[in-house]
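Colleague: Could you take me through this one? I'd like to hear about the spaces inside and the aromatic rings.

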Amino acid sequence: DMKFPIPQLGAVFSLFLIFLENYNFYVGNLTSLMSGEFSDNMSIALLFLFIGLIYKGMKEKKYLIWNCLLGTAVMLTHPISGLLLILLFITFPFQTKDIKRNIVYLVYVYLGIFLLSAFWSLGVLYYRDYTGTMQWDSKIRLDELFPVHWLPLILSAGSGIVYATVKKERKLIGLFSLLWISLLLYFSLDKSFVWNTRFLPYLSFGILLLAAYFIGSMLIIVKKRAPIFFILAFVTILGVSVYGV
């Protein structure tokens, strides 16, 4: 539900992660895809679609079936995205002012997701003792979390958090929540059956989308006052981004 050119910049900026070569196993980029992380990559894409559609569904009181199906797809493609989807239930109701109706809508959505995915998720929980038990050491590398050539985007993302807070952008609560939950789990998980690096791509995509929000918002302000400078700035940003990728 964002105005032009924010969605377009988000699509372009996502290329920075898709073509990132800093790692080849954490998911979110092409090298991870080529190493066999198919369902993980799909689950990340589906989760971000779900975050967008659940906001639109609560706002318009529509898309109940679509949200159930999309949420089910998230649950069935990868447990990490499924875990985040469950945790996001806590903050989703606050994305619009009608919190009580949002909670009712979400209960229906999540109940539908449970019923559609239970044939798999309950079986996995019940037979968990038959699966391999693994323990991972925490791996935190700031150069992977904040790549040097992303510095302008990282600064823009930080500015986007401040700008959205000042403007009280409720529609971004879902994205903010995903960012903070992923950040907390990335830095806190150690000696766990979940490898903390699994949350890195969600952080990276969050950074890129918040950067798109801030830069796009600034371009909207420029467009209102000086359309010619908006065109020049937009084309320049696209060109620099493609060159940077």
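Modeller: Helix H4 gives the most to the lining of the largest cavity, with 3 residues. This is a predicted model, where local features need pLDDT of at least 70 and side-chain atom pairs count only at pLDDT 80 or more, while totals for chains, interfaces and linings use all residues. Residues are numbered from 1 along each chain as its sequence is written, and side-chain values use heavy atoms, with hydrogens and water left out.

Colleague: What volume does the largest cavity have?

Modeller: About 50 Å³ for the largest cavity. The count comes to 1 cavity of 30 Å³ or more. On a 1 Å grid over the protein atoms alone, a cavity is a set of points where a 1.4 Å probe fits but cannot get out, and lining residues have an atom within 4 Å of a point.

Colleague: Which residues line the largest cavity?

Modeller: Tyr26, Val27, Asp40, Ser43, Ile44, His78, Ile80, Ser81, Arg198, Pro201 and Tyr202. By class that lining has 6 nonpolar, 3 polar and 2 charged residues. Here Ala, Val, Leu, Ile, Met, Phe, Trp, Tyr, Cys and Pro count as nonpolar, Asp, Glu, Lys and Arg as charged, and the others, Gly among them, as polar. H4 (38-60), H6 (79-87) and H11 (200-225) each supply at least two of the lining residues; helices are DSSP runs of H or I with at least four residues, numbered from the N terminus.

Colleague: Now the core. Which residues have the most contacts inside the largest nonpolar core?

Modeller: Phe13, Leu47, Phe50 and Phe92, in a core of 66 residues. H11 gives the most to this core, with 14 residues. A nonpolar core is a set of buried Ala, Val, Leu, Ile, Met, Phe, Trp, Tyr and Cys residues joined through side-chain atoms within 4.5 Å, and buried means under 20% relative accessible area, exposed over 50%, partly exposed in between (1.4 Å probe, protein chains only).

Colleague: What does Phe13 touch?

Modeller: Leaving aside residues up to four places away in sequence, Phe13 touches Leu153, Leu208, Ala211, Ala212, Ile215, Ile237 and Ser241, with contact meaning heavy atoms within 4.5 Å.

Colleague: How many aromatic pairs are there in the whole structure?

Modeller: A search finds 14. Rings of Phe, Tyr and Trp (its six-membered ring) pair if their centres lie within 6.5 Å; planes under 30 degrees apart count as stacked, over 60 as edge-to-face and the rest as tilted.

Colleague: Why is the pair of Phe89 and Tyr110 edge-to-face?

Modeller: The planes of Phe89 and Tyr110 are at 75°, with the centres 4.9 Å apart, so the pair is edge-to-face. Phe89 lies in the loop between H6 and helix H7 (99-126) and Tyr110 in H7, so the pair ties together parts that are 21 residues apart in sequence.

Colleague: Is Tyr110 buried or exposed?

Modeller: Tyr110 counts as buried, at 14% relative accessibility, whereas Phe89 counts as partly exposed, at 28%. Ring pairs also link Phe50, Phe89, Phe92 and Tyr110 into a cluster.

Conventions. 1 Å grid on protein atoms, 1.4 Å probe; cavity = no way out; pocket = protein on both sides within 12 Å on 5 of 7 lines; lining within 4 Å. Points joined across faces, edges and corners; volume = space filled by probe spheres on them.
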